[in-house]
Amino acid sequence: MKKILIYCICAMMALPMMAQRNRGADGRKHFDPAGFREKMERFMIEEAGITREEATKFFPIFHEMKDKQMEIGRQIMELKKQKNPGQMTEKECTEAVLKIESLKVEQAEVGATYTKKLCKAISSKKVFKAMNAEDRFHRMMLREFPKGKK
């Protein structure tokens, strides 16, 4: 009986530590990209009525598109962070602005190309529903995002 009691006490003490596993030194929960992607997939499947077979066709293309768009987005952010605009010449600013706009066009072209592939993989109606579900999922996640301390 003592052993069972000791095991129960140890288990109860371990629970808070396990709950803190995904938290940083400041106590905030770390972002889990894989978990986020999994939740988004489940939400999109349910909202768009995507079958398992369709999901195996749809999500590899969808994630490849998102990864490419995200990489282009990173390039845009790097350009914006490179220098202080106050220390740049007019010519350097013009080049940076044009490069950023070029990357935005490239990002949109990636979206258009992959959307055509998605519509070949599953019905356009479900692709449209999935796009709307993705937007709703992101808004839902933003509402749940913990507000920082002021």
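The structure is a predicted model.

Let me begin with the arrangement of the helices. Two packed helices are described by the angle between their axes and the distance between the axes. Helix H3 covers residues 52-82 and helix H5 covers residues 124-144; their axes lie 13 Å apart, at an angle of about 55°. H3 and H5 are therefore oblique to each other. Their crossing is right-handed.

Which residues make this contact? From H3 come Glu54, Phe58, Phe62 and Lys66, and from H5 come Lys126, Val127, Ala130 and Glu134.

I now turn to the largest nonpolar core, which has 26 residues. Those touching the most other members are Met44, Ile50, Phe58, Phe62 and Leu118. H3 supplies the largest share, 9 residues.

Phe58 belongs to helix H3. Is Phe58 buried or exposed? Its relative accessibility is 1%, so Phe58 counts as buried, the limit being under 20%. Setting aside neighbours within four places in sequence, Phe58 is in contact with Met44, Ile50, Leu118, Ile122, Val127 and Ala130. Phe58 and Cys119 are 61 residues apart along the chain, yet their C-alpha atoms are separated by 8.9 Å.

Not counting residues up to four places away in sequence, Leu118 touches Phe58, Ile61, Phe62, Met65 and Val127.

Finally, I would draw attention to a charged residue, Glu134, in helix H5. Glu134 has 9% relative accessibility and therefore counts as buried. What does Glu134 contact, leaving aside its neighbours within four places in sequence? The partners are Met40, Met44, Phe62 and Lys66. Of these, Phe62 and Lys66 are among the H3 residues that meet H5, while Met44 and Phe62 are among the core members that touch the most others.

Notes
Residues are numbered from 1 along each chain as its sequence is written. This is a predicted model: local features need pLDDT of at least 70, side-chain atom pairs count only at pLDDT 80 or more; totals for chains, interfaces and linings use all residues. Side-chain values use heavy atoms; hydrogens and water are left out. Axes are lines fitted to C-alpha atoms, for helices over the stretch in contact, and angles run from 0 to 180 degrees between N-to-C directions. Helices (H or I, at least four residues) and strands (E, at least two) are DSSP runs, numbered from the N terminus. Angles under 35 degrees count as roughly parallel, over 145 as roughly antiparallel, 65 to 115 as roughly perpendicular and the rest as oblique. A crossing is left-handed if the near helix is turned anticlockwise from the far one by less than a right angle, and right-handed if clockwise. Contact means heavy atoms within 4.5 Å. A nonpolar core is a set of buried Ala, Val, Leu, Ile, Met, Phe, Trp, Tyr and Cys residues joined through side-chain atoms within 4.5 Å. Buried means under 20% relative accessible area, exposed over 50%, partly exposed in between (1.4 Å probe, protein chains only).
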